[in-house]
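Hello,

Have a look at it first, and then read on for what turned up.

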Amino acid sequence: MVDRGRYPEAVTPWDDVDWRQSFLAWAERGLAARGRSSARLLAVRVRPWSVLMRLAAPGGPDVWCKANSPASAYEAGLTEALARWVPGHVLEPLAVDAARGWSLFPHGGTLFRDAHGTSGTGQRAWEEALRQYATVQRALSSRAEEIAALGVPDARTAVLPDVFDRIVEENAALDTGTRSALRALRPRLVGWCDELAPLGIPDTLDHSDLHDGQIFAPAPGRFTFFDWGDAAVSHPFCSLYVPLGNAREQYGPQALPRLRDAYLDAWAGTGPTPAELRRGAGLARHLGAVNRACSWGRLFPTASRGLTAVTDAGGARSLSGLLADPAL
């Protein structure tokens, strides 16, 4: 019943009987408040950064209850706020305990990856999904301070070089040559941030891990976005790092310009020319590697036993991507 994935050695709160009972009781109360009692535990997925329970209860489809690590506990309050700010575009929680980082979620529909796979239809669906996601980011651009106040990490363009410095120095998996190359890259990284600033595209919410398992396709042409535990307040175009990287693997590099331009459709009319937007997308997509590297360390305090090398390696892979050509 307990799926520990590739991390069988991770020690998480699920291993504490009192915590486990409290978590389950909280979920049962949340369901009862919705008129659904007699919840039954179906499965548990344990990871170093979260615990996810699947529950069945009369009166509707299965639900999921998620406990985030302290470093990503902001997801609970963020999802609750997003349901108010951009309703219909995100998975609305049934109950939230923001202080403990606990969330109870309804069934969200079919996952993008199950609905579209890697076919040509999938490429077209990705174009629309990226348009809708960018629309969400634009709608949230006036709420950057509110989002940061919820505890979402600050990786805004102005502070991104400092964030970069910290993770380059702290990551133990970087070999001497790569660390030196990244340190030497810093002036260019500052230049990329400086070049983005005059575009006037405001910092907003960056999902930081937008792949085909983080999107529901509940109806044709409609998408909802979930799993915000890696999110940051940053330049919106940083969000392209993960989906375009995955698209390159699935569809080949020829698919990237169309996906990028579909995403940029939502930013037309904001001031920059199409060429400037494309240039900005190339730079910020590259900078998205910094946000991705940061998210690897958001573990339960007890889960890091023996896992530091694994998480540092993940962050090192993302950082090493910064040494590639930033242009699309």
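Two strands are said to pair here if DSSP finds at least two bridges between them. Strands (E, at least two residues) and helices (H or I, at least four) are DSSP runs, numbered from the N terminus. Please keep in mind that this is a predicted model, in which local features need pLDDT of at least 70 and side-chain atom pairs count only at pLDDT 80 or more, while totals for chains, interfaces and linings use all residues. Residues are numbered from 1 along each chain as its sequence is written, and side-chain values use heavy atoms, with hydrogens and water left out.

Strands β8 (residues 215–219) and β9 (residues 222–225) pair in the antiparallel sense over 3 bridges. Isoleucine 215 stands opposite phenylalanine 225 of β9, and alanine 219 has arginine 222 of β9 as its bridge partner. There are 2 residues between the strands of this hairpin, and glycine 221 takes a positive phi there, near 75°.

Two residues other than glycine also have a positive phi. For serine 208 the value is near 75°, and this residue sits in the loop between β7 (204–206) and β8. Serine 208 is buried, at a relative accessible area of 7%; buried means under 20% relative accessible area, exposed over 50%, and partly exposed in between (1.4 Å probe, protein chains only). For aspartate 227 phi is near 65°, and its place is the loop between β9 and β10 (232–234). Aspartate 227 is partly exposed, with a relative accessible area of 22%.

Now to the sheet. It is open, with 6 strands in the order β1-β2-β3-β4-β6-β5 and mixed pairing. The edges are β1 (2–3) and β5 (95–97), each with a single partner strand, so one side of each has no neighbour in the sheet. Within the sheet, β2 (residues 40–47) and β3 (residues 50–56) pair in the antiparallel sense over 7 bridges, and arginine 40 has alanine 56 in β3 as its bridge partner.

Two helices pack on this sheet. Helix α1 (residues 17–33) touches β3, β4 (63–68), β5 and β6 (102–105), and its direction makes about 45° with that of β6. Helix α2 (residues 74–85) touches β4, β5 and β6, and its direction makes about 140° with that of β5. Here contact means heavy atoms within 4.5 Å; axes are lines fitted to C-alpha atoms, for helices over the stretch in contact, and angles run from 0 to 180 degrees between N-to-C directions.

In the loop between α2 and β5 you will find leucine 94. Its C-alpha atom is separated by 6.5 Å from that of proline 106, 12 residues apart along the chain. Neighbours within four places in sequence aside, leucine 94 is in contact with Arg34, Val63, Leu104, Phe105 and Pro106.

What about the nonpolar core, meaning a set of buried Ala, Val, Leu, Ile, Met, Phe, Trp, Tyr and Cys residues joined through side-chain atoms within 4.5 Å? The largest one has 69 residues, and those with the most contacts inside it are Leu82, Leu205, Trp228, Phe237, Tyr263, Trp267 and Leu322. Helix α10 (residues 274–295) gives the largest share of this core, 9 residues. A second, separate core has 23 residues, including Trp26, Val44, Val46 and Phe300.

Finally, the helices. In α6 (residues 160–170), the buried residues are Leu160, Pro161, Val163, Phe164, Ile167 and Val168. They cover an arc of only 155° around the axis (taken from the directions from the helix axis to the C-beta atoms), which puts them on the same side of α6. These buried residues pack against α7 (176–196), α10 and α11 (308–320).

The axes of α6 and α7 are 10 Å apart, at an angle of about 170°.

Best wishes
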